[in-house]
Amino acid sequence: MEVINIQTNHKSEMIDITEIVKEAVIKSGIKTGICNVFTPHTTSGIILFENVDPSLQRDYLGQLHKLVPSNASYAHGSNADAHIKSGIVGSSVMIPVEDAKLQLGEWQGVFYCEFDGPRERMIYIKVINE
């Protein structure tokens with residue numbers, strides 16, 4: 001398993017980590033299998049998302065904010081919205097690996113989603129042989 005440290009810069013942001021994940025697959029030496037990308041933080045997430053138009057990322061985060069506003073009255077307190085967004089987005093993705101390559105769609109990328117930044121975060125990447 002590879003552990004990646006990442007520094008986020010904003011309260012809420014999406015960071016394309018596709019190249020980092022691709023490198024981890026190559027380093028693993030596994031040609032065919034599954035790649036699991038996981039974040040152990042309860043105020044962040046990992047998703048597959050369109051990686052061509054950055055304005056779509058702003059749209060996505062904006063809609064999540066409308067769905068789960070940060071200024072609502074939550075029993076948990078100041079970062080409850082970040083926990084809820086994390087629960088909606090999810091903490092991991094699994095991607096098939098064939099010929100040592102992630103089997104992503106033409107416009108798909110792997111994204112780390114920050115909902116309570118800026119912070120230093122970890123991402124776990126595990127490539128499993130078929």
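Me: Two strands pair if DSSP finds at least two bridges between them. With that in mind, what makes S5 and S6 a pair?

Reply: Strand S6 covers residues 101–102, and its antiparallel pairing with S5 runs over two bridges. At least two are needed, so S5 and S6 count as a pair. In S6, Leu 102 is the bridge partner of Val 97. Do keep in mind that this is a predicted model.

Me: How do you know that S3 and S5 pair as well?

Reply: The count here is six bridges, in the antiparallel sense. The cut-off is at least two, so S3 and S5 pair.

Me: Which residues of S5 are on the covered face, and which on the uncovered one?

Reply: Val 93, Ile 95 and Val 97 make up the covered face, while Ser 92, Met 94, Pro 96 and Glu 98 lie on the uncovered one. In a regular strand, side chains alternate between the two faces of the sheet.

Me: Why is Asp 99 called exposed?

Reply: Its relative accessible area is 58%.

Me: Let's turn to helix H1. How do you know that the buried residues of H1 are on the same side?

Reply: The buried residues of H1 (residues 18–28) are Thr 18, Val 21, Ala 24 and Val 25. They cover an arc of only 125° around the axis, which puts them on the same side of H1. The face turned away from that buried side carries the exposed residues Ile 26 and Lys 27. After H1 comes Gly 29, with a positive phi near 80°.

Me: What makes a set of residues a nonpolar core?

Reply: Its members are buried Ala, Val, Leu, Ile, Met, Phe, Trp, Tyr and Cys residues, joined through side-chain atoms within 4.5 Å. In the largest one there are 20 residues, and Ile 17, Cys 35, Val 37 and Ile 123 touch the most other members. Elements giving two or more residues to this core include H1, S3 and S5. Apart from it lies another core, of 10 residues, among them Met 14, Ile 47, Leu 64 and Ala 82.

Me: Which residues does Gly 90 contact, beyond its neighbours within four places in sequence?

Reply: Gly 90 is in contact with Ser 44, Gly 45 and Ile 46. Contact means heavy atoms within 4.5 Å, so each of these has a heavy atom within that distance of Gly 90. Gly 90 itself has its place in the loop between helix H3 (80–89) and strand S5 (92–98).

Me: One last thing: what kind of peptide bond joins Gly 117 and Pro 118?

Reply: The bond is cis, with omega about -5°. Pro 118 lies in the loop between S7 and S8.

Conventions: Residues are numbered from 1 along each chain as its sequence is written. This is a predicted model: local features need pLDDT of at least 70, side-chain atom pairs count only at pLDDT 80 or more; totals for chains, interfaces and linings use all residues. Side-chain values use heavy atoms; hydrogens and water are left out. Helices (H or I, at least four residues) and strands (E, at least two) are DSSP runs, numbered from the N terminus. Buried means under 20% relative accessible area, exposed over 50%, partly exposed in between (1.4 Å probe, protein chains only). The arc is that of the directions from the helix axis to the C-beta atoms.
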